[in-house]
Amino acid sequence: MTDLYCVFGNPVAHSKSPVIHAAFAGLTGHALRYEARLAPADDFAGSLCAFLAEGGKGCNITVPFKEQAWALAAVRSRRAEKAGAVNTLLAGKDGRLYGDNTDGVGLVRDLVQNAGVSLAGKRVLVLGAGGAVRGVLSPLLAEKPACLVVANRTAGKAEALAALFADEGSISGTGFTGLAGQQFDVVINGTSASLQGELPPLPADVLAPGAFAYDMMYGAQPTVFLQWAAAHGADTRDGLGMLVEQAAEAFFIWRNVRPPTAGVLAELRAALSPEQ
Ligand code: ATR
């Protein structure tokens, strides 16, 4: 029987994961089936159980089930443990469910390997303090930035996150007003403000000369944040590469082989382009 994988979400029809994993399967010569599965908002656990009973080997988990997936995993990687969320589950041969979080590795690979932006020794600013940001802080700190500042509309949430990760590197939390007079080499938008077409209230001079701006969101058009950053002289990149790289890491966890990502990213980019 062909090995079965899926992504759970609600909604899930928009997910690009089936296309990405089908491409990875083709590129690596692995025969597998990967489906999008809509789980009812109140019964992710039931959907997961049914999938495992069918012989499902592993799954991705997207909004709003990542925290529930974390709770249902019998064993969690260290990065998933700290993230408080699991986006990749593996049905272990020992019958146990292994939980990991590949979002942060996806972000770091896209920044460092695909965009050529080193984080070591840099002043890094992360905007937002929700689940998306919590999921990426461990891998960001592992790159040894000179400092990592988390800024959030609700300052207390940024301070709490910084305290949670203080043992992993130089990290602090603040409200947006606390950024006055500070400059950063790399600014990563992890707020959901882009979804509403809004811009976090940033001081105009927060970007150091030659700064790099990254938005964890993506779309056919640059987000308001990326438009703002480009207008202030920064190089910019959206989160489409992070999506592909987190998928590649999940594929590696399941199949023990790392698929090439550049061609898949280029195809997704072309399909997103407004000229299509
Ligand atoms: P996610 O899972 O995407 O991280 P979340 O946990 O609801 O979603 O977090 C959303 C984040 O975006 C929060 O940091 C939120 O700020 P608050 O903690 O102050 O609510 C931030 N956010 C949402 N809309 C925003 C806006 N218009 N301007 C600035 N920050 C915004």
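In this predicted model, Val-124 of strand S7 (residues 123-127) stands opposite Val-186 in strand S10. Local features need pLDDT of at least 70, side-chain atom pairs count only at pLDDT 80 or more, and totals for chains, interfaces and linings use all residues. Residues are numbered from 1 along each chain as its sequence is written, and side-chain values use heavy atoms, with hydrogens and water left out.

**Strands**
- Strands (DSSP runs of E, at least two residues, numbered from the N terminus) count as paired if DSSP finds at least two bridges between them; S7 and S10 run parallel and are joined by four bridges.
- Five bridges join S10 to strand S11 (residues 207-215), also in parallel, and Asn-189 has Asp-215 in S11 as its bridge partner.
- Five of the six residues of S10 (residues 184-189) are buried, that is, under 20% relative accessible area with a 1.4 Å probe, protein chains only.

**Aromatic pairs**
- Rings of Phe, Tyr and Trp (its six-membered ring) pair if their centres lie within 6.5 Å, with planes under 30 degrees apart called stacked, over 60 edge-to-face and the rest tilted; the structure holds seven such pairs.
- The ring centres of Phe-8 and Phe-44 are 5.5 Å apart and their planes stand at 85 degrees, so this pair is edge-to-face.
- This pair links Phe-8 in strand S1 (residues 3-9) with Phe-44 in helix H2 (residues 44-53), 36 residues apart, and both residues are buried.
- Tyr-34 and Trp-254 form a tilted pair, 6.2 Å centre to centre with 45 degrees between the planes, and both are buried.

Key
Buried < 20%, exposed > 50% of the residue type's maximum accessible area, 1.4 Å probe, protein only.
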